[in-house]
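The sequence and the structure come first, and the notes follow.

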Amino acid sequence: MRIGQLARLTGTSERLIRYYESVGLLVSTRLPNGYRDYAPSAEQTVRQIRALLAAGLPTRLISQVLPCGQPDGPLIACPGVLTKLRTQLAELDRRADELDQARQTLRRAIAATEAAG
């Protein structure tokens, strides 16, 4: 499939897809006219990349996770990456706790303001 179709299927810009390819997260072949041609599995790969980026993983760590995953199944990190993933999860948990505390603070402020009338 061409880059435009991959972009539409994944909701990702063509520019980002080219970036994923430039850092080695995604591969394509070139057609005789120079256009990129992606395998059908590229759609799942882009979705996995997007999910891992949303989880806060840098592309250098994503490049260590993707090769060991299954194209149509769960991501399975390559050996030696599990510690890094656990560290990232701990950071996400810490940030989630901070957000929860901020939400509670806002709820209390709203309730106090409404009560004061």
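R18 and E14 form a salt bridge through their side chains, with an N to O distance of 3.8 Å. The model is a predicted one. Both R18 and E14 belong to helix α2, where they sit four residues apart, about one turn of the helix.

R18 has a relative accessibility of 33%, so R18 counts as partly exposed. E14 has a relative accessible area of 35% and is therefore also partly exposed.

## Other salt bridges

The structure holds six salt bridges. One of them joins the side chains of E21 and R36, at 2.9 Å from N to O. This pair links distant parts of the chain, with E21 in helix α2 and R36 in strand β2 (residues 36-37), 15 residues apart.

Another joins the side chains of E98 and R94, at 2.3 Å from N to O. E98 and R94 are four residues apart in helix α5 (residues 82-116), so about one helical turn separates them. E98 is partly exposed, because its relative accessible area is 43%. R94, with a relative accessible area of 37%, is therefore partly exposed. E98 and R94 also take part in a network of salt bridges that links E91, R94 and E98.

## Packing of α1 and α2

How do helix α1 and α2 pack, in angle and in axis distance? Helix α1 (residues 3-10) packs with α2 at an angle of about 105°, and their axes are 9 Å apart. The angle lies in the range of 65 to 115 degrees, so α1 is roughly perpendicular to α2.

On the α1 side, the residues that meet α2 are I3, G4, L6, A7 and T10; on the α2 side they are E14, I17 and R18.

## L6, a buried residue in α1

L6 lies in helix α1. Its relative accessibility is 0%, and because the limit for buried is under 20%, L6 counts as buried.

Which residues does L6 touch, not counting those up to four places away in sequence? They are M1, I17, L26, Y38, A42, E43 and V46. For E43, which is 37 residues from L6 along the chain, the C-alpha atoms of the two residues are separated by 6.3 Å.

## Q88 in α5

Q88 is placed in helix α5. Is Q88 buried or exposed? Its relative accessibility is 14%, which is under 20%, so Q88 counts as buried. Leaving aside neighbours within four places in sequence, Q88 is in contact with A55, G56 and L57.

## A nonpolar surface patch

L16, Y19 and V23 make up a nonpolar patch on the surface. Together the three residues have about 220 Å² of accessible area.

V23 is found in the loop between α2 (14-22) and β1 (29-30). With a relative accessibility of 35%, V23 counts as partly exposed, because this value lies between 20% and 50%.

Methods:
Residues numbered from 1 in each chain as written. Predicted model: local features only at pLDDT ≥ 70, side-chain atom pairs only at ≥ 80, totals over all residues. Heavy atoms only, no water. Patch = residues over 30% accessible without salt bridge, like charges linked within 9 Å, V, L, I, M, F, W, Y side chains within 5 Å. Areas by Shrake-Rupley, 256 points an atom, 1.4 Å probe, with all protein chains shown as cover. Salt bridge = Lys/Arg side-chain N within 4 Å of Asp/Glu carboxyl O. Helix = DSSP H or I, 4+ residues; strand = E, 2+ residues; numbered from the N terminus. Buried < 20%, exposed > 50% of the residue type's maximum accessible area, 1.4 Å probe, protein only. Axes fitted to C-alpha atoms, helices over the stretch in contact; angles between N-to-C directions. Parallel < 35°, antiparallel > 145°, perpendicular 65-115°, else oblique. Contact = heavy atoms within 4.5 Å.
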